[in-house]
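Trainee: Could you pick one spot in this structure, look at it closely, and then walk me outward from there? I'd like to see how it connects to the rest of the chain.

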Amino acid sequence: MKRVAIVPAYNEEKNIEKVVDGLRNKVDEIIVVNDGSADRTGDILKNLDVITVSHIANKGYGEAMKSGFRKGLQVGGDFFLLIDADLQHNPAESSRLMNSLIDNNYDMVIGSRFLDNKSKIPFTRKLGIHIFTILTKIFLGIRITDTQSGFRAFSRKALEKIIDFKRDGMGSSIEILYIAKKNNFRIKEVPISCSYDNVQHSINPIAHGLQLTRTILSLYLRGI
Ligand SMILES: Nc1nc2c(ncn2[C@@H]2O[C@H](COP(=O)(O)OP(=O)(O)OP(=O)(O)O)[C@@H](O)[C@H]2O)c(=O)[nH]1
Ligand SMILES: [Mg+2]
């Protein structure tokens, strides 16, 4: 029973080592996707005992995730954990997702920032996430409290279906939920904390919002 963590990373020199350390005793293998980082992320990874997948140029969150998924399936993982590299998620909480997935035979477990209300999420961020959660519910019929969460766990069977997602940017998080719904996955949300203390948003919120809007409308109108 092999547990594999997948960590998409773009310019995360300040955080990547801490995230990897936190994951050490939680999984059997750690895959970090260095998505064309312009900082020292690549150098730091050379000295860490992880599998590194490197993009020569920056390809976006979706592509980074996909490269990680592909490698995870290649190395024979049975259960997969997706976690951000910016330390917003607490690697110590990985077990909550993984145990829930494995013990209950779920296809997918989503870490939700809104189930215990302990995270201090900046107001505009919270509003943005809620708007897209409501749109996802209305247009796609998907009832999830945190559609944008990047802290998720998947079974191998689920990942083999999910890996066919098409989007390269932030819309991929919603597309994955759409694939999960189409395949009648058993999904569970569990509470997670999320830190906004040291975050430098690497994507402009307006660009982010537009990507999500385009994704929801395209899935609603064309199913793709
Ligand atoms: N923004 C961005 N993140 C990437 C990219 N490739 C990989 N990532 C990683 O994807 C994860 C999520 O990116 P974030 O920019 O933190 O996205 P977010 O957490 O939804 O948004 P914030 O609330 O602004 O932090 C991080 O671990 C990034 O390092 C990319 O091209 N752009
Ligand atoms: Mg982040």
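Mentor: Let's start at S173, which touches T147, Q148 and G150 once you set aside residues up to four places away in sequence. Keep in mind throughout that this is a predicted model. S173 is found in helix α7. Is S173 buried or exposed? S173 is buried, because 26 other C-beta atoms lie within 10 Å and the cut-off for buried is 20 or more. If you want a sense of distance, take D39: S173 and D39 are 134 residues apart along the chain, and their C-alpha atoms are separated by 25 Å.

In the loop between α7 and β7 (187–191) you'll find N184. N184 isn't a glycine, yet it has a positive phi of about 55 degrees. N184 has 8 other C-beta atoms within 10 Å, so it is exposed.

α7 (172–182) is among the elements covering the buried residues of α3. That cover also includes β1, β2 (29–35), β3 (51–55), β4 (79–82) and α6 (156–162). Which residues of α3 are buried? They are Y61, G62, A64, M65, K66, S67, G68, F69 and G72.

After α3 comes G76, with a positive phi near 80 degrees. From A57 to A38, which is 19 residues away along the chain, the C-alpha separation is 9.0 Å.

α3 also brings us to the ligand. There are 20 residues around ligand 1, and the ones that come nearest are Y10, D35, D84, A85 and H201. α3 (61–74) and β1 (3–9) are the elements that give two or more residues to that shell. By type, the shell holds eight nonpolar, seven polar and five charged residues.

Next, the core. The largest nonpolar core has 53 residues, and A5 and V7 touch the most other members. Which residues does A5 touch, leaving out those up to four places away in sequence? The list is L23, V27, I30, I31, L81 and I83.

One of those, L81, takes us on to M98. M98 lies in helix α4, and beyond four places in sequence its contacts are R3, F79, L81 and A153. M98 has 19 C-beta neighbours inside 10 Å, so it counts as partly exposed; buried would need 20 or more.

L87 is another residue with a positive phi, about 65 degrees, although it is not a glycine. With 19 C-beta neighbours inside 10 Å, L87 is partly exposed. A92 lies in that loop between β4 and α4 as well. A92 is exposed, because 12 other C-beta atoms lie within 10 Å and the exposed class runs to 12 or fewer. Between A92 and I110, 18 residues apart along the chain, the C-alpha separation is 15 Å.

Now zoom out. The chain has eight helices and seven strands, and 42% of its 224 residues count as buried. Along its principal axes, the C-alpha trace spans about 45 × 35 × 35 Å. A compact globule of 224 residues would have a radius of gyration near 17 Å, and the chain's 16 Å agrees with that. Finally, of the contacts between residues at least 6 apart in sequence, 75% join residues at least 24 apart.

Note on methods
Residues numbered from 1 in each chain as written. Chains lettered and ligands numbered in written order. Predicted model: local features only at pLDDT ≥ 70, side-chain atom pairs only at ≥ 80, totals over all residues. Near = placed C-beta within 6 Å. Helix = DSSP H or I, 4+ residues; strand = E, 2+ residues; numbered from the N terminus. Nonpolar A, V, L, I, M, F, W, Y, C, P; charged D, E, K, R; others polar. Core = buried A, V, L, I, M, F, W, Y, C linked by C-beta atoms within 7 Å. Contact = placed C-beta atoms within 7 Å. Rg over C-alpha atoms; globule rule 2.2 N^0.38 Å.
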